[in-house]
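Let's take a walk through this one together. Have the 3D view open and follow along.

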Amino acid sequence: SRLRYQYCKVIIATSMVWFLLDVVLLMYYTDCASNPSCDQNREVAPGGVAGNPPKKSAGLLDAILPKGIFKPAPPNLPGEMGKAVVIPPDLQAKSKEMFKINQFNLMASEMIRLNRTLPDVRMESCKHKEYVATNLLPDTSVVIVFHNEAWTTLLRTVWSIIQRSPHELIKEIILVDDASERDFLGRKLEMYVKELPVPVVIERMGERKGLIRARLRGASVAKGQVITFLDAHCECTEGWLEPLLYEIYKDRTSVVCPIIDVISDETFEYITGSDMTWGGFNWKLNFRWYPVPQREMERRGGDRSLPLRSPTMAGGLLSIERNYFYEIGSYDRGMDIWGGENLEMSFRVWMCGGQVLIATCSRVGHVFRKVSPYSWPGGVVNILNHNTMRTVEVWMDNYKDFYYKINPGVKQTEVGDLTQRLDLRKKLECKSFRWYLENIYPESQMPLDYYSLGEVRNKETNMCLDSMGRKSGEKVGMVPCHNMGGNQVFSYTKKKSLMTDDLCIDVSQVKGPVKFFKCHGLGGNQLFEYDKQTLQLKHSNSNQCLDKPNPSERDTPSVGPCNNKPSQQWVLGDIDLA
Ligand code: UD2
Ligand code: MN
């Protein structure tokens, strides 16, 4: 096989015609499924087969997996130890072309072994942590749903589970095919998984149902005490599983996520993620990573290896006790294709008595993509709005107003029948969204109490404050009012800040400029006193009033000494100063 690899290199070096390369690559990888001497599946990390003999005598794999032997990464193979793959210049055009198939560097992925080595990226204190004996931990079914996934990323996910989990904890791996249209995911996949040293079940959806219903199918056939969901382009690292199962062993109402590390979509480099971020969301109900607040560090006594109580989860990677999954309402079957289910489950679990944790000692890599590679039957916007509306209508009480105001037009979307989900909330006697904001997520970008939610209109110019879609550190916009919500929706909060989505208006110098910054909720440069008589918005720190733009700054409001002119008078939408 070393020879074969040299052969590949020669071919690359001489840059033969593309189709020939394809044929060679294809042979190389197809062979790996049937040829025991293939390099691709040979090396297995100690956590894998050592001490965990294959459950069935897989004649083929006995040859592929020398029991208990860990060989270091073969030198010079691309991507070993999680390193970046470099595409030779003469292959770059071709790799760009292949990128479009899955929206990641498919050529790079195909150059890497299915069981490549990875660095142990855990923090030191995780490496020697004592959990209970493995035989006391619950076992798990791993459910992986996929639609048109690449062969190499899908199988690398599977191999990383095999390599780095105690096999007695893996009840089975369940692959749910959400109506993929690629031949190799058919019979070839079925033949391949038969040879693997852990039981693998393949479920076929027949018709495209989306990831939520595909996961429900996977869960319905799962036999493990725990269900672990993974995306189909992940790589599990050393010791990933035990911390997840351990939290469930301690408390069956914990829904536990790993830290999600980044597998580069360009190079497949394994890049360590941060244990100092957790899950939140903005007014648009997009999931977002935000820094872990000091209070959560203190709650853990400064020990970063203890699990984080995260307000929300990213959605793709989690373990949940199987019976608890159903008790707490599994997933909303009314959700289509992609999106929304992660916030829905997070709110539901917290509000109905469970908890969402990030086990910081568990690390799993995931290929994050910039663009979605597959079709969205019914239209992206429609599907996302539909799923999110189902979430906000069932779980967010009046706080759903933020979502609707900032997404004008969304109300036309078909939401479907919600009675079952509303009944669930009643049956489980779940707490209010306000309780969730107060107790689980006080740092949220949703103000607990507010005086207004709507436009902020300047009396003289009839222009409105506008976020212009800008980011933290950029200037506040001011353009003619359009009456359509969206970027012109601001909330004047009871903490007296002017907030739009996750940004607050912030003036750090006497003469401005008037900028956006992350809301800190501490007053300071973000504190404005609104006077309902004079209609002034007075920036307390600088003792100046918000004013129309200076002549030099056409579309940014200014601050200046307070006066009685209409340019300093502001009308706040939907205001209730009670
Ligand atoms: C994130 C989650 C993902 C899911 C999603 C919101 C992580 C790492 N990923 O987006 O799991 O929670 O947010 O819904 O947290 N798939 C199907 N059928 C479909 C569409 C997708 O089976 O119709 C599969 C897909 O092949 C993949 C999984 O669902 O294995 C997640 O899809 P994604 O990778 O496009 O989602 P991602 O990571 O952008
Ligand atoms: Mn994904």
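This is a predicted model: local features need pLDDT of at least 70, side-chain atom pairs count only at pLDDT 80 or more; totals for chains, interfaces and linings use all residues.

Residues are numbered from 1 along each chain as its sequence is written, chains are lettered from A and ligands numbered from 1 in the order in which they are written, and side-chain values use heavy atoms, with hydrogens and water left out.

Start at the manganese ion (ligand 2), which is held at 2.2 Å by Asp231 (OD), His233 (NE2) and His366 (NE2). Donors here are N, O and S atoms within 2.8 Å of the metal (3.2 Å for Na, K and Ca); water is not among the atoms, so sites may look incomplete. Along the chain, the donors of the manganese ion (ligand 2) are spaced D-x1-H-x132-H. His233 sits in the loop between strand S4 (226–230) and strand S5 (234–236), while His366 is in strand S12 (residues 355–367), so the pair ties together parts 133 residues apart in sequence. Helices (H or I, at least four residues) and strands (E, at least two) are DSSP runs, numbered from the N terminus. His233 is buried at 6% relative accessibility, and His366 is buried too, at 9%. Buried means under 20% relative accessible area, exposed over 50%, and partly exposed in between (1.4 Å probe, protein chains only).

Now for the greasy parts. In soluble globular proteins, nonpolar side chains tend to be buried together. The largest nonpolar core here has 67 residues, and those with the most contacts inside it are Ile320, Phe347, Phe433, Tyr436 and Met446. Such a core is a set of buried Ala, Val, Leu, Ile, Met, Phe, Trp, Tyr and Cys residues joined through side-chain atoms within 4.5 Å. Helix H13 (residues 341–351) gives the most to this core, with six residues. A second, separate core has 41 residues, among them Leu154 and Leu230.

Ile271 is partly exposed, at 34% relative accessible area.

Finally, check two backbone spots. Most residues other than glycine have a negative phi. Glu429, though not a glycine, has a positive phi of about 50°; Glu429 lies in the loop between helix H16 (419–427) and helix H17 (433–439) and is exposed at 69%. Asp501 has a positive phi near 55°, but this residue is buried, at 7%.
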